[in-house]
Amino acid sequence: IYIVGSYTSVWHSYIHHNDASGNGGGIWADGYYIFGHDSRYTTIAANTANNGGGVYVEGVDSGYTLINSTVSGNTAYTHGGGIYTANGGVVTLYTTIANNIADGNNSGTGDGGGIYIADTSIFSPYSSILADNQDLSSDAPDCYTAGSGEVISGDQNVITNITGCDNFQVENDSMIEGNEYFLQRDYLGFDPQLGTLAGNGGRTLTHSIPADSVVIARGGLTECFGIWGYDLRGHIRPFPPSCDIRDYEYTGNNDDPLLVYDSVTFGYHSDTNYPTLDDLYNDITELRHYYDIRNVFSVPGSQYDASSFVIGFNQPLYDPYGNIAVADVTNLQNYQLVSIGTNQMFETTSCTVSGDDIAIPLIRVLNHHIFDEILIEIELLSVGDYRIVICNLQADDGSLLDGNGDGIGGDPLIYDF
């Protein structure tokens with residue numbers, strides 16, 4: 001991608017295996033106002049160039065912002081395996097910069113495996129990771145500041161090797177090394193224990209993390225909700241207490257080969273604001289933010305009427321053309337919504353109503369292809385006790401639904417609310 005002048009924003013993309021004989025293997029950006037261009041929910045991987053294997057930013061007062069993104073496995077024959085910024089600025093929010101290489105031809109000339117910050121340039125990371133990058137001349141594996149180039153940290157970053165980042169500043173002076181959960185600090189010299197770049201759900205590749213990674217629950221609090229409240233794969237970021245550093249939120253299901261659900265979010269809309277397909281696919285951010293503010297993230301006893309709810313999964317869902325295939329995520333036969341009967345006991349455990357449970361019709365089921373979520377729309381439900389049963393669903397790769405979490409698969413998901 002070659003960008004000059006006009007504002008450009010790249011969303012939900014996978015930019016990979018490109019090669020530039022000059023600079024900017026994945027993206028070359030110039031602009032006329034600082035921090036103008038950006039990439040969101042995007043993976044930039046396995047690109048090569050002379051400088052800036054993944055991203056190259058050039059021009060006075062130009063800049064680039066990466067939000068909930070991954071820059072991984074890129075190579076620069078000289079400087080900036082992942083990113084090179086010349087006379088401008090780069091900002092990262094909840095972004096991973098890992099496994100990139102500087103001096104890729106092993107000539108002994110080249111710095112900044114993760115990022116190279118040239119003279120007069122600025123790098124401002126927020127809740128981001130620089131780790132496992134390489135400088136084959138051994139000078140600056142994760143980052144390098146040349147001349148008056150500087151790193152101005154917005155806190156909550158993990159930088160494994162700070163060698164070469166000579167001009168490193170924190171945005172505030174509240175960094176307390178003795179308190180791991182202090183709200184404003186960086187984690188310098190820590191290993192985030194990143195997995196290999198792989199398919200972990202969502203539409204691009206990401207780096208998974210284990211349950212004991214330092215990044216878990218240490219992200220910046222102000223970006224844990226609202227329009228930032230989802231990771232690169234579309235998984236909801238928990239709040240409170242805090243979300244994870246970088247673009248990948250640990251859910252406990254990251255390496256599960258079965259299809260499992262991650263989250264349930266309820267929403268309400270009036271007839272005049274009924275969401276259409278255009279709302280869902282063309283204005284996805286506004287819609288998701290709309291559901292965020294309903295404040296009912298699977299909270300038992302929440303006193304809200306509901307007319308829709310979103311269920312998130314760990315993998316892309318099987319969604320062939322039409323809605324009649326047995327395992328099709330949009331087939332209404334795979335869902336059964338009931339309210340509790342007079343005996344005050346739920347008896348329905350499959351997609352067929354049992355006992356005196358009362359069946360409630362569904363309007364439609366829509367698949368959020370980008371976020372691995374389904375939107376189930378219903379008539380307005382008043383406050384009460386309900387059960388949704390989901391049957392037969394499969395992931396794109398044929399993985400079976402493990403509704404009860406027993407690790408076997410092929411059983412329904414039963415969710416009471």
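**Ground rules.** I call a residue buried when its relative accessible area is under 20%, exposed when it is over 50%, and partly exposed in between, using a 1.4 Å probe and protein chains only. The model is predicted, so I keep to its thresholds: local features need pLDDT of at least 70, side-chain atom pairs count only at pLDDT 80 or more, and totals for chains, interfaces and linings use all residues. Residues are numbered from 1 along each chain as its sequence is written, and side-chain values use heavy atoms, with hydrogens and water left out.

**Entry 1: Asn100.** I started here because Asn100 is buried, at 0% relative accessibility. I found Asn100 in the loop between β14 and β15 (101-102); strands are DSSP runs of E with at least two residues, helices are runs of H or I with at least four, and both are numbered from the N terminus. What does the side chain of Asn100 have 3.1 Å from one of its polar atoms? It is the backbone oxygen of Val71. I then listed contacts (heavy atoms within 4.5 Å), leaving aside neighbours within four places in sequence: Asn100 touches residues including Ser72, Gly113 and Asp132.

**Entry 2: the sheet.** Next I traced an open sheet of seven strands, paired in parallel in the order β3-β6-β10-β14-β18-β22-β24. Two strands pair if DSSP finds at least two bridges between them. The edges are β3 (14-16) and β24 (187-188), each pairing on one side only. Within the sheet, β14 (residues 96-98) and β18 (residues 129-131) are joined by three bridges, and Ala98 stands opposite Ala131 in β18.

**Entry 3: Pro125.** Is Pro125 buried or exposed? Pro125 counts as buried because its relative accessibility is 0%. I located Pro125 in strand β17 (residues 122-126). Its C-alpha atom is 9.6 Å from that of Thr65, 60 residues away along the chain. Beyond its neighbours within four places in sequence, Pro125 is in contact with residues including Thr92, Val151 and Asn157.

**Entry 4: the cores.** I looked up nonpolar cores, which are sets of buried Ala, Val, Leu, Ile, Met, Phe, Trp, Tyr and Cys residues joined through side-chain atoms within 4.5 Å. The largest has 23 residues, and Ile27, Tyr64, Ile83, Ile115 and Phe123 have the most contacts inside it. Two or more of its residues come from each of β4 (27-31), β8 (55-58), β9 (63-67) and β16 (115-117). A second, separate core of 21 residues includes Ile360 and Leu401. A handy reminder for myself: in soluble globular proteins, nonpolar side chains tend to be buried together.

**Entry 5: salt bridges.** How many salt bridges does the structure hold? There are four, each a side-chain nitrogen of Lys or Arg within 4 Å of a carboxyl oxygen of Asp or Glu. In one of them, Asp416 meets Arg387 with the closest N and O atoms 2.6 Å apart. This pair links distant parts of the chain, β34 and β33, 29 residues apart. Asp416 is partly exposed because its relative accessibility is 41%, whereas Arg387 is buried at 11%. The strands around them, β33 (residues 386-390) and β34, pair antiparallel over four bridges. Another salt bridge joins Asp38 to Arg40 at 3.3 Å, and both of these residues are buried.

**Entry 6: the whole chain.** Finally I stepped back and noted two helices and 34 strands. Of the 417 residues, 55% are buried.

Terms used
Polar contact = N/O pair within 3.5 Å; in protein donor to acceptor, adjacent residues only side chain to side chain.
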